[in-house]
Amino acid sequence: MSQFLDHVYIEATSGDGGRGIVAWRREKYEPMGGPAGGNGGRGGHIYIQATNDLNTLIDFRFKKKFEADSGQRGGPKGMHGKNAKDLTLRVPTGTLIRDAETGEVVGDLVRPGQRIMVAQGGQGGRGNATMATPARRAPHFCEPGQPGIVRQLELELKVIADVGVIGLPNAGKSTLLSVVSAAKPKIAAYPFSTLEPNLGVVRTPDGERAFVMADIPGLVEGASQGVGLGHDFLRHVERTRLLIHLADLSSETLQQDIETIDNELKLYSEYLDSLPQILVLNKSDIVTPEQIKEASKQLAKGKTAQRHSPPVVISAATRQGITELLNDVISRLDKLRPQEEEPEIEELPPDERASLRVESGFEVVRKKGVFTVHGDRVERVVAVTDMRDPEALHHLHNVLRSMGVIDALIKEGCQQGADVNIGVVSFTFGEEWSG
């Protein structure tokens with residue numbers, strides 16, 4: 001079974017912030033010690049980073065949910081909770097990241113080492129030492145940690161290569177790659193023997209230059225609309241700078257074969273259609289010189305002549321014309337982009353949705369006269385409140401009112417004496433808390 005995987009959906013959840021705590025100084029000779037509850041630690045961020053050590057997204061085939069650790073709660077004596085470790089997901093260079101809910105591009109990791117934060121960890125809650133003010137010197141309450149962020153992400157790998165080899169099935173693309181590089185693609189005498197893109201580093205005959213070549217699975221008519229195997233791999237062609245359009249000289253419909261591929265590139269995207277091509281006629285070892293002349297004469301007419309320069313004739317099986325082809329490729333690559341020093345890793349713009357939280361959202365559900373409030377922040381605030389302390393209860397009441405929870409309960413018909421549940425805490429509306 002093929003181990004190449006180039007399109008996956010994952011869920012990334014950053015860590016929750018640790019809660020602050022309520023604590024007091026108890027040192028000797030300090031009768032009025034005051035608050036000493038520390039702040040909670042930050043939850044772990046989630047990053048996605050590109051590396052050349054991987055060439056497939058197979059690591060995400062079975063594990064699709066990733067969670068960073070939560071920050072530790074604060075400690076006594078003003079001790080800050082430990083921040084959680086960040087989680088970094090490694091992906092192949094050339095991976096495009098999209099937000100699965102909006103379709104927006106989060107980042108395009110085209111260089112090894114590039115990384116982007118996709119989910120920001122929650123900030124730790126404040127302890128009562130930090131909550132103290134000149135007017136409120138001994139607060140009996142603290143803050144919960146900020147929740148993490150849940151992201152639905154789409155990862156799409158687009159193979160990065162200088163040269164892409166395209167053509168109909170069985171045109172000899174894999175054979176060509178195996179001849180000019182050390183790659184060992186699967187080769188067989190039947191169509192669609194290539195089920196995944198193959199990469200190879202190609203060196204020039206003098207050994208002084210090299211470039212990366214990709215063998216793209218065979219395209220067929222209708223590939224741009226999802227017919228055949230090629231549609232899933234047309235995305236890999238987008239990363240290339242130059243295309244080798246390989247055609248089978250022995251085909252009885254040679255010109256039609258070439259026009260079919262050109263048409264599919266154009267239908268898929270204007271960019272693909274604009275990429276420079278070298279038309280290469282393969283399998284010259286199994287046709288006669290007269291057939292080659294006749295094929296060249298036919299290709300000098302019509303759409304093919306308008307789209308392509310005179311073709312290069314080779315035999316990948318016998319290596320005939322390979323040296324000339326490689327020299328032509330190098331010459332064209334030099335014209336497309338002169339050789340230059342490797343640029344520094346570019347910093348990607350931050351992803352705004354990586355820190356977007358909907359903390360104050362809540363829902364009031366009425367069932368059999370009991371009102372239940374669901375909401376992450378509401379439940380966190382209640383969980384860190386000391387229900388036996390009047391000051392803490394007063395602070396909680398103010399927080400719930402500012403969040404709109406009290407008004408929402410009244411709107412739903414909640415009256416004095418009604419039972420209200422928030423998280424694991426139950427109380428009677430309009431009276432003292434209990435539970």
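The axes of helix α4 (residues 254–268) and helix α6 (residues 289–299) come within 10 Å of each other and cross at roughly 50°. Axes here are lines fitted to C-alpha atoms, for helices over the stretch in contact, with angles running from 0 to 180 degrees between N-to-C directions. The two helices are therefore oblique to each other; under 35 degrees counts as roughly parallel, over 145 as roughly antiparallel, 65 to 115 as roughly perpendicular, and the rest as oblique. The crossing of α4 past α6 is right-handed, that is, the near helix is turned clockwise from the far one by less than a right angle. On the α4 side, Leu254, Gln255 and Ile258 make the contact. Contact means heavy atoms within 4.5 Å. Four of these residues are nonpolar, two are polar and none is charged. Ala, Val, Leu, Ile, Met, Phe, Trp, Tyr, Cys and Pro count as nonpolar, Asp, Glu, Lys and Arg as charged, and the others, Gly among them, as polar.

The model is predicted: local features need pLDDT of at least 70, side-chain atom pairs count only at pLDDT 80 or more, and totals for chains, interfaces and linings use all residues. Residues are numbered from 1 along each chain as its sequence is written, and side-chain values use heavy atoms, with hydrogens and water left out.

The protein has 11 helices and 18 strands. Both are DSSP runs numbered from the N terminus, helices being H or I of at least four residues and strands E of at least two. Of the 435 residues, 47% count as buried, meaning under 20% relative accessible area with a 1.4 Å probe, protein chains only. Among contacts with a separation of 6 or more, 73% join residues 24 or more positions apart.

Three strands form an open sheet with mixed pairing, in the order β4-β2-β7. Strands β4 (87–92) and β7 (115–119) are at the edges; each has a single partner strand, so one side of each lacks a neighbour in the sheet. Neighbouring strands are turned by 30° against each other on average, direction ignored. Strand β2 (residues 46–51) pairs with β7 in the antiparallel sense over four bridges. Pairing requires at least two DSSP bridges between two strands. Gln49 has Arg115 in β7 as its bridge partner.

Thr240 lies in the loop between α3 (234–237) and β12 (242–248). Thr240 counts as buried because its relative accessibility is 2%. Beyond neighbours within four places in sequence, Thr240 contacts Ala161, Asp162, Val163, Gly164, Tyr271 and Leu275.

Conventions
Buried < 20%, exposed > 50% of the residue type's maximum accessible area, 1.4 Å probe, protein only.
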